[in-house]
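Q: I'd like to learn how to read helix packing in a model. Could you walk me through it?

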Amino acid sequence: MVAPFARTTAQFFGGAKKDRAPSTIALISSLVISWLFAKSITNGANLGLAFGLVGGVAYAAYYFGFAVAGWVIYRMRTKGGFRSIHHFLETRFGKSAMVVFSLLICFRLFNEIWSNTMVIGSYFGGVGDTAYYAAILVFTGLTLAYSLKGGMSSSILTDVIQMVFFGILITVILLAIMPRVDYDVAPILTSGEWTLATGGNLLLVAILQSFSYPFHDPVMTDRGFLSDPKTTLKAFLWAAPIGFVCIILFSVVGIYGQIEGVQGQAPVEVAKLLGGPILLVMNFIMVTSAASTLDSTFTSFSKLAVMDLGVGKTEALPQVQHPVSEENGTDEKSAPHFSGGSKKTVTAGRLAMVTITVFGTIPVFLNPAILSATTISGAMVAGLAPVFCLWWVKAPPLSFWLSIGFGLLCGFLLIFGSWPEYLTVSTGKYADLLGVTLVELVGCFGLYLLPMLFARK
């Protein structure tokens, strides 16, 4: 009901409100809550259950990626003059590189839909139950409805509301837990062992993947081009510690479950221990976090299809104009201007949303593994690290293909269980993922720089 109705491309794709770009607070809220998705906080709680505080810190370390992405995008805009991630890729490496990158992030957006809605369904029934599928369809339909109204404007506004909800709900849950541990935080702070085998592997993986993982998430990177550069950088740098703390706090749910000896999905089982009202609160927090991610996914796919790839449009592709100098990047009132757009452009964006919703919901009825999407995508996109972290290096197109290709190859080897054991540098859970990540980063950076070395010779 409160979602605005977007009539222009600036509103629907740029999140503009009365010709003003999103503020710092709005961007921070949108960034943080968009990454506090249902399967993310479920992972955080489950890792707290499995490894104690170490598990929560390990998963929260992925938020270091906000600082990395924020700084890189800031420099790309102020020093490089690039208007978007796709503009950078097409300018430097050609249209084919931009299309391949778009396919990678399409795969991610597709996964975000079914993996988050299945978490919602699990709170209403078991897989195969009518209530399970009904909950998913109703939830997806309601989220799509307000996303269709306002696009990015709806997403930004509702993200602020959902961030407030998340803060209130996590506070309620923690207030229910603390009396049960006699307000003694020592067992929570000392839970787990700080070794590689008991969560340390994942902690290192999260830090290393922070140099590549954020750049294949259009939900994050799209928000890097909505406001002026300095406002955007400030929002990204604040989002990193705030998101880190949010994940740590939610991992306390799993740590408490470990103390009580529960098994299974930590949020559900702990909520049962705390009683019916808290189970309802846990339900609300999952709906809130999943909706924030889902509406951002719809918006990002719409922008990707229509604005970046020009699907379904007959007029010239709109050019997004932004301040590109540090001197001009201080006016927070300046909204991005989308020229060349029309009502047809917005209509095409809405049709794109409906399309990704339909295709992204189909896997729900095939019962895939909920948590597989993040692990797979994180291992396969390491090749993006040198592409973006070395954005100022004028590498030839071959550098892009070598780096991306090596990352995909390593990711496929891991997925199909063919990763060589002698390249595993640790023991315990996530040891193979750490080995893959280390090899990927060294190999991708080396292969990215190799063509330039031969060109100089």
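Q: Happy to have it in view! Which residues in helix 7 meet helix 15?

A: Keep in mind that this is a predicted model. Helix 7 brings Met98, Ser102, Ile105, Cys106, Leu109, Glu112, Ile113, Asn116, Thr117, Val119 and Ile120 to the contact. From helix 15 come Met286, Val287, Ala290, Thr293, Leu294, Thr297, Phe298, Ser300, Phe301, Leu304 and Asp308. By kind, the residues of this contact divide into 14 nonpolar, six polar and two charged.

Q: At what angle do helix 7 and helix 15 pack?

A: Let's begin with the general idea. Two packed helices are described by the angle between their axes and the distance between the axes. Here, helix 7 (residues 95–122) and helix 15 (residues 276–308) pack at about 155°, and their axes are 10 Å apart. Angles over 145 degrees count as roughly antiparallel, so helix 7 and helix 15 are roughly antiparallel to each other. Their crossing is left-handed.

Q: Nice! Now, how do helix 2 and helix 13 lie to each other: roughly parallel, roughly antiparallel, roughly perpendicular or oblique?

A: Helix 2 (residues 24–35) packs against helix 13 (residues 229–260) at an angle of about 45°, with 8 Å between the axes. The two helices are therefore oblique to each other. The crossing of helix 2 and helix 13 is right-handed.

Q: And which residues in helix 2 meet helix 13?

A: They are Thr24, Leu27, Ile28, Leu31 and Val32. Their partners in helix 13 include Phe236, Trp238, Ile242 and Cys246. The residues of the contact of helix 2 with helix 13 divide into 10 nonpolar, four polar and one charged.

Definitions and conventions. Residues are numbered from 1 along each chain as its sequence is written. This is a predicted model: local features need pLDDT of at least 70, side-chain atom pairs count only at pLDDT 80 or more; totals for chains, interfaces and linings use all residues. Side-chain values use heavy atoms; hydrogens and water are left out. Axes are lines fitted to C-alpha atoms, for helices over the stretch in contact, and angles run from 0 to 180 degrees between N-to-C directions. Helices (H or I, at least four residues) and strands (E, at least two) are DSSP runs, numbered from the N terminus. Angles under 35 degrees count as roughly parallel, over 145 as roughly antiparallel, 65 to 115 as roughly perpendicular and the rest as oblique. A crossing is left-handed if the near helix is turned anticlockwise from the far one by less than a right angle, and right-handed if clockwise. Contact means heavy atoms within 4.5 Å. Ala, Val, Leu, Ile, Met, Phe, Trp, Tyr, Cys and Pro count as nonpolar, Asp, Glu, Lys and Arg as charged, and the others, Gly among them, as polar.
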